[in-house]
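Here are a few notes to read alongside the model. Keep the viewer open and find each spot as you go.

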Amino acid sequence: MSRILAIDQGTTGTRAIVYDRRGREVASAYEEFPQLFPRPGWVEHDPEAIWRSVQRTIQKVLGRVAGASIAAVGITNQRETTVIWDRKSGRPVYNAIVWQCRRTARRCRELREDRGTVSLIRRRTGLPVDPYFSATKAEWILDRGGLRARAKAGRLAFGTADAWVLWKLTGGRSHATDFTNASRTMLFDIDRRRWDRGLLDLFGVPEAVLPEVRPSSGEFGRTVRLGRLPAGIPITGMAGDQQAALFGQACFAPGTLKNTYGTGAFIILNTGRRRVTSRHGLITTLACGPAGEPVYALEGSIFVAGAAVQWLRDQLGLLRTSAESEAAAEAVKDNAGVYFVPAFVGLGAPYWDAEARGTVVGLTRGADRRHLVRAALEAMAYSTRDVLEVMRRESGLRIRELRVDGGAASNDFLCRFQAGILGLPVLRPRTVETTALGAAYLAGLGSGFWSGTDEISRFWALDRKFRPSLDKPRADGLYQGWRDAVRKTQA
């Protein structure tokens with residue numbers, strides 16, 4: 001029986017999942033890798049540790065499913081995270097600089113002083129000038145001794161995590177990425193669908209280091225033998241994690257959207273062939289059309305979501321497991337006026353304030369750990385409303401529901417509160433790991449494993465629908481408290 005292998009290379013770990021012809025999970029494996037914080041606000045990964053986690057999860061999952069049954073491989077990945085490596089040795093020249101890293105904030109401030117540059121970048125890429133994206137990360141790495149000359153000579157390769165994993169899976173034979181990942185670099189013209197020479201010159205990134213850009217569904221290369229993974233398996237799907245989740249949620253039509261609650265939270269609205277340019281802090285980006293072709297989308301990127309609960313667990317010891325957060329939040333009747341703005345690495349959409357830092361407001365002697373935990377979960381819902389209010393206004397599209405996925409989507413309290421704060425139904429599918437599922441769908445379409453989106457749309461199944469339970473004045477009052485807390489964070 002043929003199956004699809006999806007590799008989900010995320011921010012804190014890598015997951016490998018095998019799916020059958022009905023889009024059902026057959027086997028999975030997960031492994032975390034170290035997070036590196038060399039200075040305050042800096043975040044790095046060892047690319048070799050990323051690759052080891054990919055290898056190990058593949059071997060684990062193929063210990064339960066025969067490698068010979070794998071018809072195709074799909075890759076999805078943490079976006080914007082930047083890797084540069086030597087083409088001959090395959091060794092990274094520096095650690096991967098993670099999307100969360102703020103080391104280039106000063107450089108971005110300098111760029112923002114020139115309105116012409118800001119306008120050019122927004123017009124060509126759909127992105128604001130921010131350390132979040134890959135361009136200033138690549139510039140920073142290449143500014144290190146001797147690397148720029150090696151890059152110009154074609155001896156180095158640049159890519160986001162997808163390109164790094166693809167290179168390793170193919171034994172260095174394929175250096176490629178897809179449109180969705182390219183659109184997150186701040187180096188790619190999303191209308192002309194090509195690398196922008198003016199931006200490459202601005203950031204000093206030579207064309208010789210760039211990967212080839214391909215549609216998200218189609219052949220990217222073939223595997224070399226890696227333990228239980230046979231040689232010659234086609235890699236036929238690739239997309240950045242949030243676009244893959246949108247595809248996995250069967251959001252193929254304009255006006256459909258999803259929110260993934262992971263380390264951060266990422267809301268993407270499919271706008272189809274129409275490019276919507278945001279004036280209020282959203283990103284215009286590329287997503288996957290029904291055949292894996294690039295289409296436009298609006299996105300709101302929230303830098304910290306589930307990571308706030310992890311912080312309460314790991315740094316403060318307020319929880320033994322993240323799953324305990326639901327019971328803690330339900331144990332108190334409200335937030336007791338406590339708001340937690342987890343701006344550990346600045347604020348993303350719609351604020352784009354790289355200098356903001358995490359803040360808790362409203363503490364009284366009556367507040368305890370449960371209120372702080374509840375405030376962390378509520379923050380995900382408030383941040384989502386921040387983004388959806390702008391999406392509604394700027395897209396002109398009628399939004400009828402929000403589909404949710406990611407680890408925190410299994411939290412019933414969060415989903416109920418989210419529905420109440422938005423005044424929209426929140427739909428949780430049976431499969432909440434839709435990022436890997438989207439990569440599998442793209443790979444399956446690209447290899448002929450599935451016939452088209454009509455077939456895979458039938459695989460989407462509802463687990464639970466959460467209807468709004470807060471009256472509008474109550475929801476608006478709570479949200480106003482959040483907006484006040486955000487202003488204090490920025491101050």
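**Notes on a predicted model**

1. Let's start with Met186, which is buried, because its relative accessible area is 0% and the cut-off for buried is under 20%. Keep in mind that what you have on screen is a predicted model. Met186 sits in the loop that links helix 7 (179-182) to strand 10 (188-189). Its backbone is worth a look too: phi is positive, about 70°, although Met186 is not a glycine.

2. Now go to Trp352, another residue that has a positive phi without being a glycine, here about 50°. You'll find Trp352 in the loop between strand 19 and strand 20. Is Trp352 buried or exposed? With a relative accessible area of 15%, Trp352 counts as buried.

3. Stay in that part of the chain and look for Pro350, in the loop between strand 19 (339-341) and strand 20 (359-361). Check the peptide bond between Ala349 and Pro350: this bond is cis, with omega at about -5°.

4. Next up is Gln100, in the loop between strand 7 (96-97) and helix 2. Gln100 is buried, at a relative accessible area of 11%. Which residues does Gln100 touch, if you skip neighbours within four places in sequence? The list is Thr11, Gly41, Val43, Thr263, Phe303 and Val345.

5. Follow the chain into helix 2 (residues 105-112), where the buried residues are Ala105, Cys108 and Leu111. Why do they end up on the same side of helix 2? Because they cover an arc of only 115° around the axis. As for their partners, these buried residues pack against helix 3 (115-125), helix 4 (134-142) and helix 8 (197-203).

6. Gly262 lies in the loop between strand 15 (257-261) and strand 16 (265-272), and counts as partly exposed because its relative accessibility is 27%. Apart from neighbours within four places in sequence, Gly262 is in contact with Ala305, Gly306 and Ala307. Take Ala307: it is 45 residues away from Gly262 along the chain, yet their C-alpha atoms are 7.5 Å apart.

7. Gly306 also turns up in the contact between helix 10 and helix 12. The axes of helix 10 (residues 306-314) and helix 12 (residues 369-395) come within 8 Å and cross at roughly 165°. That angle is over 145°, so helix 10 runs roughly antiparallel to helix 12. The crossing is right-handed. On the helix 10 side you have Gly306, Ala308, Val309 and Leu312, and they meet Leu372, Val373, Ala376, Leu377 and Met380 of helix 12. Sorted by class, this contact has eight nonpolar residues, one polar residue and no charged ones.

8. Finally, turn to helix 13 (residues 412-422), which packs with helix 12 at an angle of about 40°, the axes being 9 Å apart. Here too, helix 12 makes a right-handed crossing, this time with helix 13. By class, the contact of helix 12 with helix 13 has 10 nonpolar, two polar and four charged residues.

Methods: Residues are numbered from 1 along each chain as its sequence is written. This is a predicted model: local features need pLDDT of at least 70, side-chain atom pairs count only at pLDDT 80 or more; totals for chains, interfaces and linings use all residues. Side-chain values use heavy atoms; hydrogens and water are left out. Axes are lines fitted to C-alpha atoms, for helices over the stretch in contact, and angles run from 0 to 180 degrees between N-to-C directions. Helices (H or I, at least four residues) and strands (E, at least two) are DSSP runs, numbered from the N terminus. Angles under 35 degrees count as roughly parallel, over 145 as roughly antiparallel, 65 to 115 as roughly perpendicular and the rest as oblique. A crossing is left-handed if the near helix is turned anticlockwise from the far one by less than a right angle, and right-handed if clockwise. Contact means heavy atoms within 4.5 Å. Ala, Val, Leu, Ile, Met, Phe, Trp, Tyr, Cys and Pro count as nonpolar, Asp, Glu, Lys and Arg as charged, and the others, Gly among them, as polar. Buried means under 20% relative accessible area, exposed over 50%, partly exposed in between (1.4 Å probe, protein chains only). The arc is that of the directions from the helix axis to the C-beta atoms.
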